[in-house]
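Welcome, and thanks for taking a look at this one with me. Below are some numbered notes to read alongside the model.

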Amino acid sequence: MDKPIDCLIIGGGPAGLTAAIYLARFHLDIVVVDEGKSRAKWIPCTHNHAGFPGGISGIELLDRMREQARKYGAKIETGRVGRLDREGDHFVALHGGGTVRARSVLLATGVTNRRPPMDEELHDDAMARGLIRYCPVCDGYEVTDKKVGVIGSGTGGVNEAIFLRSFTADVTLIAPHAALDVSDEDRARLEEAGIVTVDGPAEAVAAHEDCIVVDTAEGHHSFDSVYPALGSDTHVQLAQMIGVDLSGDACVTVDSHQRTSVPGFYAAGDVVLGLDQISHAMGEGGVAAVTIRNDLATRKPMYR
């Protein structure tokens, strides 16, 4: 508590760990506090990440990034930051491991996808087998010419179903609750794309050996994969504690260098823009790290 660290990174996903690697190599004193809930760890195998032609699992990728950050001196602690305050030019964070005082903070807490109604253990097993998928940008290729269901409604559900239509001709949009809630314009788009629609509620989801079944008021529907398009929740609570400006969709507002409205507080990754892309999160983490280093240097020159 007597001597503040240079930067506290909250969140150990692709954005936070990229920033940690950069900042540690800048010879800064940094701590990463990670709750261990990065969505990247749930990826069975990503084939979009450049440099891994055979793909890489989310767990292995995060393990490699943590190893790389620690190699250059980054401290990574497991825990959840429950409170964040400003005290003069510094920030004070409380977490399970104690109290951290920092000259700057990078928020990289990401978002949580809303899940369909099913047992958590079954859900995780279905994800590991590719029966449930959350990112058509990442893995739409894997469902090429397969039977795909999308659980969603409104324009968001319609857009996801139409996006997947470019990978397969067999797409069904299922309402999560009662009747499918879409505009006349969106319904016309669905009809033009040849997408089947089913009214809800989607009351149960069950995974079998080679398919996943969604039960609705209209009966049972089996698919090779199901995409829940139910939205997500952005983890901005810590930013709200210190009065950081949020955008209309409840993400943290930043400038082109990842600075927020509060001096010394930065944000990167899906907490800024829920694009759900590892490469995008890493890019923002790198930009944030360089900005943090340069902003700190204007307050106190960095000479060796």
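1. In helix 1 (14–25), P14, A15, T18, A19, Y22 and L23 meet I278, A281, M282, G285, G286, A289, V290, I292 and R293 of helix 8, where contact means heavy atoms within 4.5 Å. Helices here are DSSP runs of H or I with at least four residues, strands are runs of E with at least two, and both are numbered from the N terminus. Sorted by type, the residues of this contact between helix 1 and helix 8 come to 11 nonpolar, 3 polar and 1 charged. For that sorting, Ala, Val, Leu, Ile, Met, Phe, Trp, Tyr, Cys and Pro count as nonpolar, Asp, Glu, Lys and Arg as charged, and the others, Gly among them, as polar.

2. A word on the source before going further: this is a predicted model, in which local features need pLDDT of at least 70 and side-chain atom pairs count only at pLDDT 80 or more, while totals for chains, interfaces and linings use all residues. Residues are numbered from 1 along each chain as its sequence is written, and side-chain values use heavy atoms, with hydrogens and water left out.

3. How do helix 1 and helix 8 cross? The axes of helix 1 and helix 8 (residues 278–299) come within 7 Å and cross at roughly 40°. Axes are lines fitted to C-alpha atoms, for helices over the stretch in contact, and angles run from 0 to 180 degrees between N-to-C directions. The crossing of this pair is right-handed; a crossing has that name if the near helix is turned clockwise from the far one by less than a right angle, and is left-handed if anticlockwise.

4. Helix 1 has another partner to look at. With helix 2 (residues 58–71), helix 1 packs at an angle of about 20°, the axes being 9 Å apart. Helix 1 and helix 2 are therefore roughly parallel to each other (angles under 35 degrees count as roughly parallel, over 145 as roughly antiparallel, 65 to 115 as roughly perpendicular and the rest as oblique). Helix 1 passes helix 2 in a left-handed crossing. Helix 1 brings P14, L17, T18, A20, I21 and A24 to the contact, and helix 2 brings L62, M65, R66, Q68 and A69. These residues of helix 1 and helix 2 divide into 8 nonpolar, 2 polar and 1 charged.

5. Next, please turn to helix 5 (residues 154–164) and helix 6 (residues 184–193), which pack at about 15° with their axes 10 Å apart. Helix 5 and helix 6 are therefore roughly parallel, and helix 5 passes helix 6 in a left-handed crossing. From helix 5 the contact takes G154, T155, V158, N159 and I162, and from helix 6 it takes D186, R189 and L190. Here the division for helix 5 with helix 6 is 3 nonpolar, 3 polar and 2 charged.

6. Which cysteines does a disulfide join? The structure holds 1 disulfide, and it joins C135 to C138, with an S to S distance of 2.4 Å; the cut-off is a pair of cysteine sulfur atoms within 2.5 Å. The torsion about the S-S bond of C135 and C138 is about 70°, so the disulfide is right-handed. C135 counts as buried at 11% relative accessibility (buried means under 20% relative accessible area, exposed over 50%, partly exposed in between, with a 1.4 Å probe and protein chains only). C45 is in no disulfide, and its nearest cysteine sulfur, that of C138, is 12 Å away. C45 is partly exposed, with a relative accessible area of 34%, while C7 is buried, at 0%.

7. Some backbone details in the loops deserve a look. H27 has phi near 65°, a positive value in a residue other than glycine. H27 lies in the loop between helix 1 and strand 2 (30–34), and at 56% relative accessibility H27 counts as exposed. Q258 also has a positive phi, near 75°, and lies between helix 7 (237–241) and strand 17 (265–267). Is Q258 buried or exposed? Q258 is buried, with a relative accessible area of 5%.

8. Finally, the peptide bond from G200 to P201 is cis, with omega near 5°. P201 is found in the loop between strand 11 (196–198) and strand 12 (204–207).
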